[in-house]
Amino acid sequence: MRIPLDRKAEQPIYLQIRERVRRLITTGALKPGDRLPSVREMAREAQVNKLTVIEAYSVLEADGLIHARQGSGYFVNREQSTAPLIESVSTFSPAQEVIIPKEVSGFCQSYIASIYAHQRQGMIAFSGGFPPQFDSGDLARIARRAVSDVADSLFNYDLPQGQLTFRQQIAQMLVQRGLVVSADDLIVTTGSFQAIALATRYFIQPGDWVVVESPTYHGLLAILENLQARVIGIPMTPTGMNLELLECYLKSHRPKLIYTVSTLHNPTGITTSQLHRQQLLELARSYNCLVMEDNAYEGLNFEPVPPPIKAIDRDDSVIYVGTFSKTLMPGLRVGYMVVPERYYQPLLQQKLLDDVHTPTASQAIVSEYLASGHYRHRLTHLRGYLQRSRNAMLEALAEHFPAEASWTIPQGGLLIWVQVPDELPLEKICHQVEAKGILVAPGSIFFPDRKGYNAFRLSFTHSPEEIAWGISVLGQELKQELEKLT
């Protein structure tokens, strides 16, 4: 099979292979039941790495065009499901109301409660933000090799900024995303939560104004609450933070920091455009405001996304935060931050006072994943799995949820944001479905005032069968409560 490739094109090679095979299938050149070239054969024919072919085939699987047979290879599906909901237009369109809370509390208590809830056996947890729990069997071998390589280092403290080789690997990964970065710009942290906390504690004093998206990551709200910062919640539109309202409050309140999740936003799943990113950065520059870009879910996108805001930052006004918790394993607690030179030493001192350094063994395991190619392989399979699961949830929402509900259609990540009528008693509904084995949490925790509008953050990390059942039960409860109101 001849696969013409343009190695100078912006489109990644694996997507070029996918498009070529897709055309062969849709035009009938490849017929239902036909066997595709093996990964080795395709890699040799196209003169690419085998992992590139695996990525292409995994995306074709997620498209519903091919399937794998254990020990036999990949075959064209007899009944092709091209997942039409992928191209559906989101109906998400919330009221554009800025939230400036007076006093809020309880974020930490809610977070602790959610951790306990997710440890309960036999529950379908739609309320979490963790990647699916599957492993190819490589973890034990990789962990043994990684720990063996750093065994001597375990008897000493490590560098507070992280192991040099590991920082070089992260820098290489970020360069591929468009950032101009080296190992010397990076601080390895104990999860991205620590990176966010370090930067926020350094830049923000009690009473300072901070801009966040509304809704936003509840962990950041907990940190700001603890610092006694004053929060401005700028509402999310279907395309990102409302920039007109952002400019109004930049002008009137002169905040010190804008916190944003530009790619696969938590909790809405929205990815902003290149233009939106440029405009947000220009506004921040105009009003001398720092930007913290938290892209915890980057790497889980189903299609190419624009380069991060940090990639177009020319005057070091953006701090970039990332993590391996969403793409690899939360329990390893490994994140990182790209820090402008003038802030590097002060933030490094903060890190030293926090925990001296991120655990050596955790760094070594992630480093081995990156060096061996297993991380890229895992991302490929993870994206395919998540795309199928997302499609299953979109289909279930359309079938079982009331017509009054609206939701986002994320192009990756783990999360869908669902808005429902404000008169529905969400706390009551959550308790009712929990009794049936389904964990759902109201979206109030993601708003600066812990109220906002009625919504759920739903995780689509479960199997399509679990998703279909769980969403049908939740949808039935919503409809029954709506009937009581009429």
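Strands and helices here are DSSP runs, with strands (E) of at least two residues, helices (H or I) of at least four, and numbering from the N terminus. This is a predicted model, in which local features need pLDDT of at least 70 and side-chain atom pairs count only at pLDDT 80 or more, while totals for chains, interfaces and linings use all residues. Residues are numbered from 1 along each chain as its sequence is written, and side-chain values use heavy atoms, leaving out hydrogens and water.

**Strands and a hairpin**

Two bridges join β12 to β13 (residues 415–419), and these strands run antiparallel. Two strands pair if DSSP finds at least two bridges between them. As background, strands of a sheet pair through backbone hydrogen bonds, either parallel or antiparallel.

Another antiparallel pair sits elsewhere in the chain: β1 (residues 66–69) and β2 (residues 73–76) are joined by four bridges. Here Ile66 stands opposite Val76 in β2. The two strands make a hairpin with three residues between them, where Gly71 takes a positive phi near 80 degrees.

What about residues with a positive phi that are not glycines? Asn288 is one of them, at about 55 degrees, and Arg450 has a phi of about 60 degrees. Asn288 sits in the loop between α10 and β9 (290–294), while Arg450 is in the loop between β14 (438–439) and β15. Buried means under 20% relative accessible area, exposed means over 50%, and partly exposed is in between (1.4 Å probe, protein chains only). With 72% relative accessibility, Asn288 counts as exposed, whereas Arg450, at 26%, counts as partly exposed.

Now for the cis peptide bonds. The one from Ser214 to Pro215 has omega near 10 degrees, and Pro215 belongs to the loop between β5 (209–214) and α8 (218–227). The bond from Asn266 to Pro267 is also cis, with omega near 20 degrees. You'll find Pro267 in the loop between β8 (257–260) and α10 (274–286).

**Domains and the spaces inside**

The protein is divided into domain 1 (13–76), domain 2 (106–134 + 379–485) and domain 3 (138–372). These bounds come from an automatic or database domain assignment. Taken over C-alpha atoms, the centres of domain 1 and domain 3 are 35 Å apart.

How many cavities of 30 Å³ or more does the structure hold? There are two. On a 1 Å grid over the protein atoms alone, a cavity is a set of points where a 1.4 Å probe fits but cannot get out, and lining residues have an atom within 4 Å of a point. Grid points are joined across faces, edges and corners, and a volume is the space filled by probe spheres set on the points. For the classes in the table, Ala, Val, Leu, Ile, Met, Phe, Trp, Tyr, Cys and Pro count as nonpolar, Asp, Glu, Lys and Arg as charged, and the others, Gly among them, as polar.

| Cavity | Volume | Lining by class |
|---|---|---|
| Largest cavity | About 50 Å³ | Four nonpolar, five polar and one charged residues |
| Second largest cavity | About 40 Å³ | Five nonpolar, three polar and two charged residues |

Ten residues line the largest cavity, and Val59, Phe302, Arg383, Gly384 and Gln387 lie nearest its centre. The elements giving two or more residues to this lining are α3 (50–62) and α13 (374–400). The largest share, four residues, comes from α13. Domain 1 and domain 2 each supply at least three residues to the lining of the largest cavity. The second largest cavity has Met173, Arg177 and Tyr375 among its lining residues.

**Cysteines on their own**

A disulfide is a pair of cysteine sulfur atoms within 2.5 Å, and by this rule the count is zero. Cys248 is in no disulfide, with the nearest cysteine sulfur, that of Cys289, 15 Å away. Is Cys289 buried or exposed? At 3% relative accessibility, Cys289 counts as buried, whereas Cys248 is partly exposed at 46%.

Terms used: On a 1 Å grid over the protein atoms alone, a cavity is a set of points where a 1.4 Å probe fits but cannot get out, and a pocket is an open set with protein on both sides within 12 Å along at least five of seven lines; lining residues have an atom within 4 Å of a point.
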